[in-house]
Amino acid sequence: MARRLALGALLIGCAALLDALLPRLLDPYMFQILIYIGINITLAVSLNLVNGITGQFSIGHAGFMAIGAYVSAYITYFFGPGLATATPSGGPPPGIAGEFVLFGALLAGGLAAAGAGWVVGLPSLRLKGDYLAIVTLGFGEIIRVLILNIETVGGARGFAGVPPLQKFSPVRGFFWVFLLAVATVIVSVRLVNSSYGRAMLAVREDEVAAEASGVNTTQTKVGAFVVGAFFAGMAGGLLGHYLQYLNPAMFTFVKSFEILIMVVLGGMGSITGSVLAAAIMTILPEALRGVKDYTPHNIDPRMVLFSLLLIVLMLTRPTGLLGHREIWDVVPWRRRRHPAGPNSGGAA
Amino acid sequence: MNTFLQHLLNGIATGSIYALLALGYTMVYGVLKLINFAHSEIFMVGAFTGYYAAHALGLASNPSLLGAATVMLISMTVCGLLGFLNERIAYRPLRTAPRITSLITAMGVSLFLQYGGQMVFGPDPKFFPQVFPKSNLQLGGVVTTNYQLFVVAVAIALMAGLQWIVYRTRFGKAMRAVSHNFEMASLMGIPTDRIISMTFVLGSVLAAAAGNLYGLVYPRIDPLMGVFPGLKAFVAAVLGGIGNVPGAMLGGMLIGLVEEYAVAIDPWAWGALHVHVGRFKDAIVFAILVAILVFRPSGLLGRYEPEKV
């Protein structure tokens, strides 16, 4: 326990240190890309829990993001300033009280998204494959249309004036993005190697056999949706506070597809693969920004390339970059003498 | 009463376009068990081919009914070819792959056509020309246009033709056999590959027709126009019972009517509760989808098939 606490403290220290150092070392543009990578890692890994590890097929991830983003922005926008100043005695010291408000808001956003994940997960008890896909897509769109019609958060005009991450805190956004991404990866890896994770893998491999072996498939599938949605919601919250603006148009199913492409590229079922793919898929469009000047109608070539990549990937290497394996199963200096089955990495 | 009939007619006009689209989804799902996400983009390409063909034939300045038919035939041919290529290049190599793989590929093709379409056609909306003279008509107390009647008439004619193909021809019989049991059909000497290709062509031809009709009624066309009609047509196919041809027609009509009446009863008040139902019409359609899938996955006309292990 003490070791874990120390590890946690070390991580937070690391995040704070990087948060202070990086803006001085990198130009703002690079720093921004880094933040996007962090958010995308969280999104891709959390979707991978549902699509890759549990073998369900969700394309409504943007909906969970939207819920988390709007709920947390609502809290900080309307209650944030009041909460940050009205610290009860015995509470956190005023200097970092804002951090707790922000964290609380993000947590609330994540929990709201998890609740939605529970609702969306329920049909997965009866549906599989493409039907489930279309239902999650439908849910994502329903969420978006509902937000579009809530005037308190701006409706179709968008939610402007979301407090920036710095407003509540001495640290910049990178601190939170880094922590969330690392936390998502750690929780996912630990989850996969726990008995719950083994149940998820069993459901993916053969649902009937899993049920026959005593796995509670209902609980497992809904659980995957809830955990995935929770992290997606927190990532959405961070994105909102980072951009200081939200609009329902940011959370269409094109966004869900983008996240899906990351998961597929990295390999469905590979957590480190998702991390890798999220980084690639964030950097690639930035690197290709110049191509825009040469395309007809000056269209951003990003989506055309992504979709081509997806088609070619499916035709030639449907397992993605890493398949079911993790990075530590692939790199030569850590390769095991007795190669265990898929997804056994992470315990080392 | 007149307003009721008015909305009924509008709903049927939109619904018949959804029905034409839904047929493509349902036929492909029948033979391949694949949600062909790219179908809505074939619909979009159909509308754009119609747009360019109409301008090439000079119909924008010199409209005629014969010209309208020519435009439609041209875009049906182009889309039939596109549907064929789509199946040949993207789906056939994955015939034996897990279904999720083909599903992801279908999404990829769909996105590719959407954004490729933006590059080819330009991202700004274009206006579908009036390919034959438009006039207002009075039917009893109901105001309509000859366009609306044209849409309904063409849709009904095409659906009757499809019904004939599916239930009265050798190809139709083979298609139903493949849809019933793929392996058994191939053992009986049915050329399954050719049948599947033909099914895609048939679906794409109907989608092209739907695209042109849609362009007539809602002249604003852009490369992303297919997304929502496509999703709704898919909901229609599921509502009617996927894989079921009459079901798709019924489902399309129902979805068109639901949408129309959602807008018609806007603002809906119940006690102190005021809801702008019309703004939620997309959400309502998806809610229908979720409800159908959860409570009656076989759809209205589909039959229940217990899953075998």
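Begin with chain B: a compact globule of 309 residues would have a radius of gyration near 19 Å, and chain B, at 20 Å, agrees with this. That radius is taken over C-alpha atoms, and the globule rule is 2.2 Å times the number of residues to the power 0.38. The model is predicted: local features need pLDDT of at least 70 and side-chain atom pairs count only at pLDDT 80 or more, while totals for chains, interfaces and linings use all residues. Residues are numbered from 1 along each chain as its sequence is written, and chains are lettered from A and ligands numbered from 1 in the order in which they are written.

**Chain B as a whole**

Keep chain B selected and display its C-alpha atoms, which fill a box of roughly 60 × 55 × 40 Å along the principal axes. A cartoon of chain B shows eleven helices and six strands; helices (H or I, at least four residues) and strands (E, at least two) are DSSP runs, numbered from the N terminus. Buried residues account for 51% of chain B. A residue is buried if 20 or more other C-beta atoms, placed from the backbone, lie within 10 Å of its own, exposed if 12 or fewer, and partly exposed in between.

**The side of chain B that touches chain A**

Next, select the residues at the boundary: 36 residues of chain B are in contact with 34 residues of chain A, contact being C-beta atoms, placed from the backbone, within 7 Å. Helix 4 (99–121) and helix 11 (281–295) of chain B are the elements that give two or more residues to this side. Helix 4 of chain B provides the largest share, 16 residues. Coloured by class, this side of chain B has 27 nonpolar, six polar and three charged residues. Here Ala, Val, Leu, Ile, Met, Phe, Trp, Tyr, Cys and Pro count as nonpolar, Asp, Glu, Lys and Arg as charged, and the others, Gly among them, as polar.

**The nonpolar core**

Now select A:Tyr70, B:Ala19, B:Ala209 and B:Leu289, the residues with the most contacts inside the largest nonpolar core, which has 215 residues. Such a core is a set of buried Ala, Val, Leu, Ile, Met, Phe, Trp, Tyr and Cys residues joined through C-beta atoms within 7 Å. Helix 1 (residues 2–32) of chain B gives the largest share of this core, 15 residues. Centre on B:Ala19: beyond its neighbours within four places in sequence, its contacts include B:Ala155, B:Met159, B:Ala236 and B:Met253.

**Chain A and two of its helices**

Turn to chain A, which has 14 helices and two strands and in which 53% of the 348 residues count as buried.

Select residues 217–243 of chain A, helix 10, whose 27 residues reach 39 Å from first C-alpha to last, close to the 39 Å expected at 1.5 Å a residue. The expected span is 1.5 Å times one less than the number of residues. In helix 10 of chain A, 23 of the 27 residues are buried, so the rest of the structure largely encloses this helix. A:Gln244 follows, with a positive phi near 60°.

Helix 1 of chain A is hardly covered, with two buried residues among its 24.

**A final stop at A:Asn51**

Finish at A:Asn51, in helix 2 (residues 28–53) of chain A. A:Asn51 is buried, with 29 other C-beta atoms within 10 Å. The C-alpha atoms of A:Asn51 and A:Val264 are separated by 9.1 Å, although the two residues are 213 apart along the chain.

Conventions:
Two residues are in contact if their C-beta atoms, placed from the backbone, lie within 7 Å.
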